[in-house]
Amino acid sequence: MAQQSIATSDKLDASVLKVAGVVVLGAIMSILDVTVVSVALPTFQREFDATYAEVAWTMTAYTLALATVIPLSGWAADRFGTKRLYMIALALFTIGSGLCANADTIGQLIGYRVLQGLGGGMLMPLGMTIMTRAAGPHRIGRLMAVLGIPMLLGPIGGPILGGWLIDVASWHWIFLINLPIGVAAIVYAALALPKDNPEPSESFDFLGMLMLSPGLALFLYGVSSLPETGTFADTEVWAPMLVGGVLLVAFVVYSFRSRHPLLDLRLFANRNLTVATVTMFVFIIAFMGAGLLFPSYFLQIRGESTLTAGLLMAPQGIGAMVTMPVAGMLADRVPVGRTVPFALALIAVGFFTFTQVDPQTSYVLLCGSLFVMGLGMGGTMMPVMTSALKTLTAHEVARGSTLVNIIQQIGGSVGAAVMSVILTNELKGSRPVPGVTDPSGAPVSEAQLAITVQQQPELAQQFPVDPSLIARGLDFAADSFATTFAVAFALVLATFVPAAFLPRRREPSHLLDDQQAEPAKAPVIIH
């Protein structure tokens with residue numbers, strides 16, 4: 001294929017911005033769907049008569065599907081072409097959205113979310129590959145600025161849009177809204193994206209995928225079953241955890257022997273990549289896992305509408321929007337080991353407030369804390385990723401970004417599962433209300449009754465309940481949230497340990513080995 005000359009100008013021209021529009025639209029759709037669903041979890045509990053641990057699988061299954069398909073996307077793009085595959089990814093995501101809206105059971109919804117995740121997981125790596133080819137690697141910094149800010153609209157707008165749709169229509173519309181956007185994105189991609197020629201590529205590691213994906217799913221299923229059974233001795237807990245653990249260990253051993261492994265674990269020989277990955281993994285478990293619970297606190301403990309809960313979450317996204325561009329500029333000039341600890345300190349300060357929540361905690365304090373956490377978030381994620389990838393050689397960047405992105409998605413899945421397990425387990429300690437049972441005949445606890453009355457005040461009028469019992473149940477439920485946040489806070493503090501080993505001196509970039517080097521494949525934006 002003929003080598004294209006790379007423009008020396010750093011300015012992004014109209015043709016590049018036209019392609020960027022397609023990528024931004026696909027990215028916003030994928031990211032929006034994570035945050036939209038976060039405010040709907042209590043609604044799913046009510047609609048499908050499910051526990052929090054069960055509905056949390058609507059998030060866990062989505063992120064696991066993302067992790068599964070990210071390594072597949074690079075191989076498939078070489079084999080089938082990026083434009084064609086990007087349009088297929090958009091179609092998968094759109095079809096999955098339509099199916100989610102028609103789910104009748106929580107099991108169906110989880111299954112359809114997997115289909116959505118398979119499409120959504122390909123959108124980001126393919127989008128970045130398309131963008132790098134259009135603009136050249138020397139303009140990656142400007143691309144990050146163009147793509148980074150619009151993608152922050154997902155965390156800000158997702159909870160608000162989801163809350164509004166649930167309030168004015170129904171939960172089905174948080175998925176139906178994707179249908180017109182998806183169709184428009186497919187048409188836009190067909191018209192705007194340049195044609196490309198598929199090229200032969202190295203073989204795909206199907207054996208590795210057959211070990212990693214089922215291994216993760218089984219292990220997390222076992223963890224998520226713990227609140228229902230109450231003991232590790234139950235077969236539903238230890239059996240999938242054991243089988244999943246064996247598959248994961250086998251995958252690690254196999255990866256060091258395979259010529260083209262699904263995840264190139266040999267890259268961990270690079271110290272900077274290892275430190276950045278460990279820092280990111282611990283942080284993601286804490287931040288993403290607990291982040292799903294913030295809207296649930298506003299909905300279940302404070303009795304807010306889903307729209308209000310979404311609006312209350314907006315300060316976090318606004319904070320990240322303020323610092324992300326600044327952090328991006330600093331990452332090129334100041335070693336991340338000197339900036340990231342300060343960003344983590346902001347997150348820790350904001351997070352501490354949530355370890356002390358009760359049913360009357362000031363909204364000014366909570367929103368201020370979310371804003372401070374957002375400031376720290378914007379100064380943490382992208383600088384750590386950029387620093388790690390800069391030290392890789394050109395031919396290692398694609399494999400390195402794939403490795404870090406998959407581990408980030410695994411961290412999100414683990415965080416969602418673990419935090420939902422802790423919260424569910426804590427809530428189970430509430431005392432049962434004498435003579436009150438749910439439709440299945442199981443006793444209803446004080447916390448469960450209090451949460452139900454908060455979300456459906458009309459029930460208190462139909463069935464008069466002792467106000468002191470409701471207050472006691474709310475206090476217990478708020479304490480359960482606070483305990484879960486305390487575990488996440490401890491993990492945030494633990495992140496300072498690997499962060500202390502981040503590079504504190506400037507190191508040369510190897511993305512281009514010399515002037516004649518072949519441009520590296522683009523790193524994938526974390527989401």
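Hi everyone, let me start with a definition: rings of Phe, Tyr and Trp count as a pair if their centres lie within 6.5 Å. Our structure is a predicted model, and by that rule the count comes to 14 aromatic pairs.

Here is one of them. The ring centres of tryptophan 171 and phenylalanine 175 are 6.3 Å apart and the planes meet at 85 degrees, so this pair is edge-to-face. Tryptophan 171 is buried, with a relative accessible area of 5%, and phenylalanine 175 is buried too, at 0%.

Now look at phenylalanine 294 and phenylalanine 485. Their pair is tilted, with 5.2 Å from centre to centre and 35 degrees between the planes. What does this pair link? Distant parts of the chain: phenylalanine 294 sits in helix α14 and phenylalanine 485 in helix α22, 191 residues apart. Both residues are buried. They also belong to a cluster linked by ring pairs, whose members include Tyr297, Phe351 and Phe481.

Let's move to helix α10, residues 178-192. This helix has 15 residues and reaches 20 Å from first C-alpha to last, close to the expected 21 Å. Which residues of α10 are buried? They are Asn178, Gly182, Ala185, Ala189 and Ala192. Seen down the axis of α10, the buried residues fall within an arc of 110 degrees, so they line one face of the helix.

On the face turned away from the buried side, α10 carries the exposed residues Pro180 and Leu191. Leucine 191 has a relative accessible area of 72%. In sequence, leucine 191 is 172 residues from valine 19, yet their C-alpha atoms are 9.8 Å apart in space.

Key
Residues numbered from 1 in each chain as written. Predicted model: local features only at pLDDT ≥ 70, side-chain atom pairs only at ≥ 80, totals over all residues. Heavy atoms only, no water. Helix = DSSP H or I, 4+ residues; strand = E, 2+ residues; numbered from the N terminus. Buried < 20%, exposed > 50% of the residue type's maximum accessible area, 1.4 Å probe, protein only. Expected span 1.5 Å × (residues − 1). Arc of directions from axis to C-beta. Phe/Tyr/Trp six-rings, centres within 6.5 Å; stacked < 30°, edge-to-face > 60°.
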